[in-house]
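This report looks at how two chains are arranged and where they meet. Please keep the sequence and the model in view while reading.

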2 protein chains.
Amino acid sequence: MQEIERKFLVNSEAFKEEAYKSTRISQGFLNSNKLRTVRIRITDDKGFLTIKGKSSVSGLSRLEWETEISKAEAKPLLLLCEPGQIEKTRFYINVGEHIFEVDEFYGENQGLIVAEVELSSEDEVFEKPDWLGKEVTGDVKYYNSMLSKQPYSKW
Amino acid sequence: MQEIERKFLVNSEAFKEEAYKSTRISQGFLNSNKLRTVRIRITDDKGFLTIKGKSSVSGLSRLEWETEISKAEAKPLLLLCEPGQIEKTRFYINVGEHIFEVDEFYGENQGLIVAEVELSSEDEVFEKPDWLGKEVTGDVKYYNSMLSKQPYSKW
């Protein structure tokens, strides 16, 4: 249940040509308090309920628990969420031994593109593609739970 | 997913002799905002995650969604909850055509006993046992999410 992720800004749209898959995502938060977020997500054809705990001191690892739910169950729960629904497309890209997930945001977060890579330990080495920009791991303003309350267009 | 419940105080401990089952419950809230509560519950042998929406104007019906999870999954999620864990025993009692659930609270809510009956419509008739006291349906201070923040012993 521990998740280790590093997060980066993205410099160009070159990643789109390298993506082997993309998924449209709508999500909201029943609780956006960063000590214990509760997220409802709807993808193309599935629903998910995800609970994340507070980050560790390093900002790299967080408790994460997720369960798949039907889209029919997820819809009324998404309507129940706090105002500030997140709309984005997630692109999946193979880079060396790892998969990068790149989120292109819409609506009030239009213009923001963020890449994440999941690691098995905090010091694991990974290949950095050319389109990868500044690291923003642990910066709470890039948390989706914060983007729902303080969107990129208002920074 | 609509839940219609009426809630009452309890006048005596006579209900205990009539109970056909009782269960020890520990629970906490990942979100106790009454617009959208997210509850983690551990009973004798099971775990549950429950999401409840805002009450209707009458205070009788609320959106409710629940999924069973393992006790092993529920334990770290309960630790993640807001301070103010609820400890209680729930007694189940047949009264006429209905089942009353009576909660006897412990810890900071010691002394509080509350009965609930679930109905299929807001105007459904039901038999009232002798030990049933004043109706408190819709009174937010008796919500478990409120009892976790403002326990009975501090009223």
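## Contacts between the chains

Two residues are taken to be in contact if their C-beta atoms, placed from the backbone, lie within 7 Å. By this criterion, 14 residues of chain B are in contact with 14 residues of chain A. On the side of chain B that touches chain A, H2(B) gives the largest share, four residues, where helices (H or I, at least four residues) and strands (E, at least two) are DSSP runs, numbered from the N terminus.

## Basis of the model

This is a predicted model, in which local features need pLDDT of at least 70 and side-chain atom pairs count only at pLDDT 80 or more, while totals for chains, interfaces and linings use all residues. Residues are numbered from 1 along each chain as its sequence is written, and chains are lettered from A and ligands numbered from 1 in the order in which they are written.

The same surface serves both copies, since 100% of the contact residues of chain B recur in chain A.

## Surroundings of Leu30(B)

Apart from its neighbours within four places in sequence, Leu30(B) is in contact with residues of chain A, including Asn31(A), Arg36(A), Val38(A) and Ile51(A), and also with Val38(B), Ile40(B), Leu80(B) and Cys81(B).
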